[in-house]
Amino acid sequence: MVKIFTVLGLMSGTSGDGVDASIISSDGINQYKVLMNKYFEYDQKIQEKLHKLRENVLKFEDLKRKEDDINYLEKEITLFHAKIVREILKLTDKEVDLIGFHGQTIYHNPLEKVSKQIGDGKLLSQLVKKKVVVNFRQKDINNGGEGAPLAPIFHNLIVKQKKIKLPVCILNIGGISNVTSITDYDKGSFLSRDLGPGNCLINQWIRNNTKSNFDKNGEIAKIGKINDLILNQALDNFHNDRNNERLSFDINDFSLGFVRGLNLEDGAATVTAFTGSIIGSRLLNFLSKSNNNSWRVLICGGGRKNLTLIEKIKIETPKNFIIQPIDDYDIDGDYVESQAFAFLAIRSFLNLPISFPNTTGCQEPISGGDIIKNF
């Protein structure tokens, strides 16, 4: 008899604003059911420390140079996760078998084959008395992959379980944007890659120039005027950089330098146009490699709420692309990634593949994650 696991997935994305938490029940293979979704915002001090650290860890050597700061913040973030896990466990009568603990990415460089997430799995396991799965990316990197994206195997299951009409792709717009295309439910035909920036530049511009953390609904960008000269030069620079053909990105691969000097609204409009143009054009290029001409594009992640950004993406894609929020299929677009890492924790526990040559560039399908029991 196939075992059904009850697993808590914890995902803190590159936006660095808090933790998405999801409990799912699943066999790790063919089916899943969502039992709970809940968001926990980092307090302002953790957010500030995290963004400052990200701004100061720009190259591999910085990981050593900032080791004390990293270790201190890692403990703070782990204690925060432990606190919310205890709160979540009080809200459910289910016995949680595993915790998928993604941790907080502070440095990702696929060219160097390095992906660093902070989060102490041993400490979390000790504090909450549960088995914890951590370090999801390293085995993939050791096998020649880039360590990202990792959610495609779960995206494939979503489409299969919901019986969504094919061909379909799931476009996740978090700090970084990534896409998974699916043309067959059962043949493992899904492909995936990062496209470029998602919310990272927009959020950073808003943080730098206001007291807010993001441009709600894209309202600030909507009233601004795009600086076409600056935009076109920035797009040319991006598309002419051959390093941008890799499968994955880090938020520090992108800079706001090109909009320095613009006012709040015009800067927001130009950065949003830059982001939307890259997502749209690279999405089109990615999907054009398939024989299918018509695609259903389901958007998840916080970026799907930025209506100005979504309009920019639509401008870059054909009219026969159906672009819609994944929520239209009774899937909460805020929690796809946290559910994914719950699912990946089960697959790691069962030693099933979580990354594939067509998703991360690894040499062969490979499992990942370290299972920790420290109680």
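# Exercises on a predicted model

Phe-349, Leu-350 and Ile-371 form a nonpolar patch on the surface, with about 230 Å² of accessible area together. This is a predicted model: local features need pLDDT of at least 70, side-chain atom pairs count only at pLDDT 80 or more, and totals for chains, interfaces and linings use all residues. Residues are numbered from 1 along each chain as its sequence is written, and side-chain values use heavy atoms, with hydrogens and water left out.

## Exercise 1: The surface patch

Task: Where is Ile-371 found, and is Ile-371 buried, partly exposed or exposed?

Solution. 
- Step 1. Recall the patch rule: residues with over 30% relative accessible area and no salt bridge, like charges being joined within 9 Å and nonpolar side chains (Val, Leu, Ile, Met, Phe, Trp, Tyr) within 5 Å. Accessible areas come from the Shrake-Rupley method with a 1.4 Å probe; for residues, only the protein chains shown count as cover.
- Step 2. Find the residue. Ile-371 is in strand β12 (residues 370-372). Helices (H or I, at least four residues) and strands (E, at least two) are DSSP runs, numbered from the N terminus.
- Step 3. Apply the classes: buried means under 20% relative accessible area, exposed over 50%, partly exposed in between (1.4 Å probe, protein chains only). Ile-371 has 40% relative accessibility, so it counts as partly exposed.

## Exercise 2: The five-stranded sheet

Task: What is the strand order in the open sheet of five strands, and which strands stand at the edges?

Solution. 
- Step 1. Strands of a sheet pair through backbone hydrogen bonds, either parallel or antiparallel.
- Step 2. Read the order. It is β9-β8-β7-β10-β11, with mixed pairing.
- Step 3. Find the edges. β9 (191-197) and β11 (322-325) each have a single partner strand, so one side of each lacks a neighbour in the sheet. From one strand to the next, the twist averages 20°. Angles run from 0 to 180 degrees between N-to-C directions; axes are lines fitted to C-alpha atoms, for helices over the stretch in contact.
- Step 4. Check the pairs. β7 and β8 are antiparallel over six bridges, and a hairpin of two residues joins them. β8 and β9 also run antiparallel, with six bridges. β10 (residues 296-300) and β11 pair in the parallel sense over four bridges.
- Step 5. Name some partners. Ser-181 in β8 stands opposite Cys-169, and the bridge partner of Ser-181 in β9 is Leu-191. Leu-298 has Gln-324 in β11 as its bridge partner.

## Exercise 3: Cover on the sheet

Task: How many residues of β8 are buried, and which helices lie across β8?

Solution. 
- Step 1. Count. Seven of the seven residues of β8 are buried.
- Step 2. α6 (residues 152-162) lies across β7 (168-173), β8 (176-182) and β9, at about 50° to β8. α10 (residues 264-287) lies across β7, β8, β9 and β10, at about 160° to β9.
- Step 3. Look at α6. Eight of its eleven residues are buried, among them Phe-154 and Leu-157. The buried residues of α6 pack against β3 (32-41), β7, β8, β9 and α12 (336-349). Contact means heavy atoms within 4.5 Å.

## Exercise 4: Salt bridges

Task: How many salt bridges does the structure hold, and is Asp-250 buried or exposed?

Solution. 
- Step 1. Define the bond: a side-chain nitrogen of Lys or Arg within 4 Å of a carboxyl oxygen of Asp or Glu. The structure holds 13 salt bridges.
- Step 2. Take one. Asp-250 and Arg-54 form a salt bridge, their closest N and O atoms being 2.5 Å apart. Asp-250 is in the loop between α9 (228-240) and α10, and Arg-54 is in α1 (residues 44-56), 196 residues apart.
- Step 3. Classify. Asp-250 is buried at 3% relative accessible area, and Arg-54 is buried at 4%.
- Step 4. Take another. Lys-64 and Glu-67 meet at 3.1 Å, N to O. Lys-64 is exposed at 61%, whereas Glu-67 is partly exposed at 33%.

Methods. Pairing = 2+ DSSP bridges.
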